[in-house]
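Trainee: I have a new model on the screen. Can you walk me through how to read it?

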Amino acid sequence: MKILKYIFILTICLTTFGCKVNYSFTGITETPETFQVNFFQNNADLVEPGLDQLFKNTLEDLIVNQTSANLVTTGGEVIYEGEITEYRISPMTATAENTAAQNRLTISVNVRYINTKNEEKDFEKRFSFFYDYPANDQLTGSIKDTAHEEILERLTQDILNDSLADW
């Protein structure tokens, strides 16, 4: 009876570790072996210098940290490419004097996801997120850094969820 118990446990372990499917709290169920992130051209009307490279690096870092996929420069099993389509600052709420009390920075990206192993999972989709800040503040220094960090964190997480997670 003991030997059957050990055989059963061994079978479960080998089955679990032998599968190519990963289970995690991130919801990512199928991890590719390799991925590549191509340059995201900044085509927004208002161009923020360096945002294209910052977005690319943020997306690469997130995928590396949340999956076991390896970053490659060419020939990736999955490929992310696209362009930054919007970088807009707009007033959001008004005061009694009809002046802006709060401004909103919105960043949008158009993403093309290519899965070379399963073309049915390919998509092209627009992702957008925003950051609100007081109208009296200028979008410079630490406010700009915080805004970019929060927006890019949300954008890249949404992209990862749509491409690799079964949400």
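Mentor: Start with one term. A contact means heavy atoms within 4.5 Å. In this chain, residues 24 or more positions apart account for 67% of the contacts with a separation of 6 or more. Keep in mind that this is a predicted model.

Trainee: Which secondary structure elements does the chain have, and what is their order?

Mentor: The chain has three helices and five strands. From the N terminus, they run α-β-α-β-β-β-β-α.

Trainee: How many of the residues are buried?

Mentor: Buried means under 20% relative accessible area. By that cut-off, 35% of the 167 residues in the chain are buried. The chain exposes about 10400 Å², and carbon and sulfur atoms supply 54% of that area.

Trainee: Now the sheet. In what order do the strands lie?

Mentor: The general idea comes before the case. Strands of a sheet pair through backbone hydrogen bonds, either parallel or antiparallel. Here, five strands form an open sheet in the order 2-1-3-4-5, with mixed pairing. Strand 2 (70-71) and strand 5 are the edge strands, each pairing on one side only.

Trainee: Which strands run parallel, and which antiparallel?

Mentor: Strand 1 and strand 3 run parallel, joined by six bridges. Strand 3 and strand 4 are antiparallel, over 15 bridges. Look for R88, which stands opposite T106 in strand 4. Strand 4 and strand 5 are also antiparallel, over twelve bridges. There, N103 has Y133 of strand 5 as its bridge partner.

Trainee: Which residues of helix 3 are buried?

Mentor: Again, the general idea first. An α-helix has 3.6 residues a turn, so residues three or four places apart point the same way. In helix 3, the buried residues include H148, I151, L152, L155, T156, I159 and L160. N161 and S163 are buried as well. The buried residues of helix 3 pack against helix 2 (51-66), strand 3 (78-94), strand 4 (100-115) and strand 5 (123-134).

Trainee: How do I read aromatic pairs?

Mentor: A pair of aromatic rings is described by the distance of the centres and the angle of the planes. The whole structure holds five aromatic pairs. One of them, F40 with F55, is edge-to-face, at 4.8 Å centre to centre and 70 degrees between the planes. This pair links distant parts of the chain: F40 is in strand 1 (residues 34-42) and F55 in helix 2, 15 residues apart. Both F40 and F55 are buried.

Trainee: What is the geometry of the Y80 and Y113 pair?

Mentor: The Y80 and Y113 pair is tilted, at 5.3 Å centre to centre and 50 degrees between the planes. Y80 is in strand 3 and Y113 in strand 4, 33 residues apart.

Trainee: Why do these two tyrosines count as buried?

Mentor: Check the accessibility. Y80 counts as buried because its relative accessibility is 0%. Y113 is buried too, with a relative accessible area of 2%. Together with F123 and F127, Y80 and Y113 form one aromatic cluster.

Trainee: Where does R104 lie?

Mentor: R104 lies over the face of F130, at 3.7 Å from the ring centre.

Methods
Residues numbered from 1 in each chain as written. Predicted model: local features only at pLDDT ≥ 70, side-chain atom pairs only at ≥ 80, totals over all residues. Heavy atoms only, no water. Helix = DSSP H or I, 4+ residues; strand = E, 2+ residues; numbered from the N terminus. Buried < 20%, exposed > 50% of the residue type's maximum accessible area, 1.4 Å probe, protein only. Areas by Shrake-Rupley, 256 points an atom, 1.4 Å probe, with all protein chains shown as cover. Phe/Tyr/Trp six-rings, centres within 6.5 Å; stacked < 30°, edge-to-face > 60°. Lys NZ or Arg CZ within 6 Å of the ring centre and 35° of its normal. Pairing = 2+ DSSP bridges.
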